[in-house]
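Please find below a colleague's note on the structure.

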Amino acid sequence: MNDVSGICVRELTRRFGDTVAVDALSFDVHRGELFGIVGPDGAGKTTTLRMLAGVLRPSAGDASLAGVSVVANPEGVKQTIAYMSQRFGLYADLTVMENLDFYADLYRVPKAERAARVERLFEFSNLGPFKDRLAGKLSGGMKQKLGLSCALVHQPQILLLDEPTFGVDPISRRDLWLIVHDMVAQGVTVVVSTAYMDEAERFDRVALLYHGRLLALDTPTALSKALHGVVLVVELADARAAQRLLRDHPRVIRAVLFGDQLHVVVASAHEAPTIEAELRAANLPPHRIKAMPATMEDVFIERMSEAA
Amino acid sequence: MTQAVPAVVAESLTRVFGDFVAVDRVSFEVATGEIFGFLGPNGAGKTTTIKMLAGLLLPSSGRGSVAGFDIATQSDEIKRNIGYMSQLFSLYGDLTVAENIAFFSGMYSLPRLRRAERRDWALEVAGLAGQADRITRDLPLGFKQRLALGCAVLHEPSVLFLDEPTSGVDPLSRRRFWELIDTLTEAGTTVFVSTHYMEEAEYCDRLALMNRGKLIALDTPARLRANVREPLLELQTNDGPKTVEALRDLPGVLEAAMFGRAVHVAVTDRTRAERSIRSRLTERGLLLQSLQEVAPSLEDTFVAEVRAAGGAPVD
């Protein structure tokens with residue numbers, strides 16, 4: 001590949017006994033891109049990131065990060081990247097500041113650069129007021145932010161984050177995203193894994209992973225546009241009764257509840273009058289029916305069914 | 001759907017630990033057959049509230065009832081009439097599916113005569129009919145979750161507590177899970193869901209939002225969204241993080257956060273904010289590429305309510 005500061009993955013495979021956790025994955029991540037690996041638990045997200053981080057040897061295939069091969073030079077890879085695993089090693093009995101200092105020493109960050117670097121990380125993490133608190137006494141969200149900050153005390157070219165938002169409340173999640181975007185703005189290539197489909201639209205491009213295989217790879221908008229059919233959002237008083245009525249209807253591909261709305265996937269927007277008539281006939285008159293772009297869940301389900 | 005006694009009642013429910021008020025005069029009612037969502041940042045008092053309702057922790061003051069039983073005086077009856085399942089709910093991985101079901105039948109003291117019938121029901125809802133002898137560890141996650149749910153309701157509890165129940169499953173399994181919840185609520189089970197994830201919150205009939213021990217909002221997802229009065233602007237600029245930094249202390253700006261490459265800014269007044277945003281960005285040398293008003297997501301709603309209630313607890 002010509003873009004040496006990105007990531008190039010070729011036929012990357014990892015087997016554990018008889019299980020193929022990651023099955024001949026190939027894709028490129030461009031320099032400065034915010035790239036999402038999205039899939040349920042067991043899809044192979046963690047195994048992929050561990051191989052990219054140079055901590056797990058591939059069974060076959062290779063990947064290069066900023067031009068360095070994970071097979072030929074795993075130690076070299078570790079120096080150009082920052083990697084935050086799900087169980088990032090924070091020292092519970094050290095303070096926030098001591099943890100940051102520890103990682104700065106580990107990465108040999110020059111003393112002169114440290115203060116500015118830490119200041120910048122505090123700006124977005126809101127951890128400044130807690131710098132003297134023991135890491136073991138932080139809440140889950142704050143621990144995640146400290147883990148990310150520790151991974152970023154050196155100036156990596158590539159940042160790999162394994163499910164950084166898992167178990168984190170929406171308020172702390174915003175701080176995490178801000179830190180990530182600050183890295184992107186500085187030209188860092190960032191790969192983030194998540195099991196949450198609704199986070200997919202935050203990425204420049206998304207790889208949908210399932211059973212170790214790539215289901216799809218594109219921008220969120222392109223993936224949504226490529227869906228076969230149209231999503232009709234139906235608002236009505238009893239969405240559940242409407243779902244029971246429509247889910248086995250021959251013209252309906254899928255009918256799914258989203259809270260008090262019903263999402264009906266049909267072949268084209270021309271089906272809307274048919275759907276409306278069906279609902280009226282069953283005494284379930286809709287307040288409103290409108291066509292909407294597909295959600296990442298719709299896309300994932302379609303690709304899953306195609307792959308099966 | 002409703003009956004005389006609501007399935008869950010909390011009246012000025014309060015719990016104090018030393019001088020810390022974990023739950024502060026919380027009142028709400030959950031109707032029979034309702035799916036009731038419970039949201040809030042870490043440390044908001046959700047878990048403490050649930051522990052009191054489950055009869056695991058006595059309130060400092062106030063009262064509550066679950067399935068008609070008083071939480072302070074009838075905690076044993078409550079424990080027999082509720083079910084509990086979480087993402088971390090541990091089925092025994094090295095037991096077979098049938099052995100797990102038998103274990104929970106025993107734990108809930110199910111009458112011998114009913115055990116076979118309930119076992120078949122649990123196998124059916126988990127999609128594991130004919131697979132009773134499989135080792136639980138080897139099942140795909142979606143099946144494990146439905147088996148865990150089946151085990152949690154073997155004793156047909158009238159109220160079911162779920163803690164981030166579908167975290168990490170694929171969307172198809174998640175939909176099957178909620179369809180199963182739907183069948184339970186149609187049969188009169190009341191479901192109480194605690195979660196950080198809007199994907200799960202969207203499935204609830206009503207949502208209660210807690211912050212700093214207090215109940216700060218309670219309504220249907222649609223009405224909660226409609227209640228957000230402050231306009232939300234979506235900005236595209238040449239540098240998102242610098243834009244957030246430049247705007248978040250600007251008068252009239254309530255919140256600035258990244259959303260993908262765009263910046264979402266909640267403001268008090270659109271016209272005035274737009275003017276001050278434009279001049280602040282110019283001052284900081286940032287290039288505004290587009291600005292438009294967008295509808296708040298459920299997550300924006302959540303953040304707005306928490307902010308209006310004084311912000312998330314700092315640890």
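1. Helices are DSSP runs (H or I, at least four residues), and strands are runs of E of at least two, numbered from the N terminus.

2. This is a predicted model, in which local features need pLDDT of at least 70 and side-chain atom pairs count only at pLDDT 80 or more, while totals for chains, interfaces and linings use all residues. Residues are numbered from 1 along each chain as its sequence is written, and chains are lettered from A in the order in which they are written.

3. H6(A) covers residues 170-185; at 1.5 Å a residue it should span 22 Å, and its end C-alpha atoms are 22 Å apart, which agrees. The expected span is 1.5 Å times one less than the number of residues. Gly187(A), with a positive phi near 95°, follows H6(A).

4. The axes of H5(A) (residues 140-151) and H6(A) come within 9 Å and cross at roughly 10°. That makes H5(A) roughly parallel to H6(A), a term for angles under 35 degrees. Axes are lines fitted to C-alpha atoms over the stretch in contact, with angles from 0 to 180 degrees between N-to-C directions.

Note on methods
Parallel < 35°, antiparallel > 145°, perpendicular 65-115°, else oblique.
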